[in-house]
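Dear colleague,

Please find below the structure that I am handing over to you. My notes on it follow, and I would be grateful if you read them alongside the coordinates.

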Amino acid sequence: MIKTHKIALRPDRVQIAWFYQQCGYAKFAYNSALSDFKAELSADNFLSMYDLNKRFNEKKKAFDWTQAQDQRAAMYAVHNLGAAIDNWKAKRAKFPKFKKRGCKHSYTTDEQAVRMAGKRIKLPKIGWVKTFEELRFKGKIVSVTLSRTANRWFASISVEVEPPIHRCPAPSEFVDYFASHTDIGTPQQIERSIYPTIGIDVGISTLATLDNGTKYENPKALKRYERKLKREQRKLSRKTFLSVNWYKQKRIVERIHYRIACIRRDAHHQATTDILKCASRIGIETLQVTHLLKNRKLAKALSDAALGSFLEKLKTKAKALGIPIMQADRFFASSKICSNCKHKKVDLTLSDRQYQCNHCGRSIDRDTNAAMNLRNLAAGYAES
């Protein structure tokens, strides 16, 4: 499997200027290839990625400044355009657009010319660049992408590694029992006997609630920095557009957004890793986040929680560990169904945080009740 480690760099001024040049060269190659594709598209001729790359190699000879650049940045930019065109043909995305100046800064280089040695990385034509940490994974480097976020530069290094196993140590009595009874089943069946099936209910006030009552709090990073962000954005609106002071203030706003994203991402990673340590099967609900955001009263809180990103991280890590995830049906009322007697409470509202069953009289936390229903659903799939 392939895992990516995004490492913050510590470049000097010369190296930062080089990074900007390569990002500009990648945008130049992308826009040039897109222009050729649109010109031939009017004549009902679809150029392939290799034809676009060949045309650009002929076109760049007219510009002397391209010889000093990293040619891998242009090659991978054309490859990215080819992938975007394939998505457009398959109707998975819209038609690709030209990249504007000053937007996202990133470029990809060849992994064969990259080396890692401690807290340093060697890049083509620029040499060694200091990093804040060492590469976490050991294996063959597949690709390296340099990108800028706010005021920092990062190297995203994709490495081909063995499938990891992050598990809590099993109780000694279970290990001894299964070691003496080898006829019980396969190692996967033994693992499912040791580790339980877990149900997870996600929400706004609490990021995730497990069926055993464990809760993972939502950091609410946007709400924490909302006043500061509003103040800095007001300063940005008063600057002259594209002036020096406008760019300085824009960097300040970018840093606040980056800080908010880091807090949210860290909470998601810690919660998903802790959940997957001791689980053999997981039951979750199916969320239509785009439909939920249409509610203007909950849109900001939902965006701050980023529930879609949380579930996506959970699915990705579970797939890497080989843990099956069962998604409930879109219209499965996990919050309205009693986990004890299966009676459905139709008049349950969002303000009711305690579930009181009218049939059996059970009183339980609303989110815990929903998580228990999702656990039962996942366990039912396991039995079938």
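How much space lies in the second largest pocket? In this predicted model, the second largest pocket holds about 920 Å³ of space. Its lining is made up of 29 residues, and those closest to its centre are Glu 285, Leu 292, Ser 335, Leu 350 and Arg 366. At least two lining residues are supplied by each of strand E8 (197-202), strand E9 (206-210), helix H9 (289-292) and helix H12 (366-383). By class, this lining divides into 11 nonpolar, 10 polar and 8 charged residues.

The largest pocket has a volume of about 1200 Å³. Lining it are 35 residues, of which Thr 4, Arg 136, Phe 137, His 269 and Lys 317 lie nearest its centre. Two or more of the lining residues come from each of E1, E7, helix H8 (244-276) and helix H11 (307-321). H8 gives the largest share of this lining, with 9 residues. The lining of the largest pocket comprises 15 nonpolar, 8 polar and 12 charged residues.

I turn next to the nonpolar cores. The largest of them has 35 residues, and the members that touch the most others are Leu 9, Phe 19, Leu 52, Tyr 107, Ile 121 and Ile 157. Two or more residues of this core are given by each of strand E1 (2-10), helix H1 (13-41), helix H2 (49-59), helix H3 (71-89), strand E4 (120-123), strand E6 (140-149) and strand E7 (152-160). The largest share, 10 residues, comes from H1. Another core, of 22 residues, lies apart from this one and includes Ile 200, Val 202, Ala 271 and Ala 318.

Beyond its neighbours within four places in sequence, Tyr 107 is in contact with Trp 18, Phe 19, Gln 22, Cys 23, Ala 26, Asp 70, Ala 73, Val 144, Thr 145 and Leu 146.

Finally, there is the sheet. Its 7 strands form an open sheet in the order E2-E6-E7-E1-E5-E4-E3, with antiparallel pairing. Strand E2 (106-109) and strand E3 (115-116) stand at the edges and have a single partner strand each, so one side of each is left without a neighbour in the sheet. Within the sheet, E4 pairs with strand E5 (residues 127-131) in the antiparallel sense over 4 bridges. Lys 122 has Trp 128, in E5, as its bridge partner.

With kind regards

Conventions. Residues numbered from 1 in each chain as written. Predicted model: local features only at pLDDT ≥ 70, side-chain atom pairs only at ≥ 80, totals over all residues. Heavy atoms only, no water. Core = buried A, V, L, I, M, F, W, Y, C linked by side-chain atoms within 4.5 Å. Buried < 20%, exposed > 50% of the residue type's maximum accessible area, 1.4 Å probe, protein only. Contact = heavy atoms within 4.5 Å. 1 Å grid on protein atoms, 1.4 Å probe; cavity = no way out; pocket = protein on both sides within 12 Å on 5 of 7 lines; lining within 4 Å. Points joined across faces, edges and corners; volume = space filled by probe spheres on them. Nonpolar A, V, L, I, M, F, W, Y, C, P; charged D, E, K, R; others polar. Pairing = 2+ DSSP bridges.
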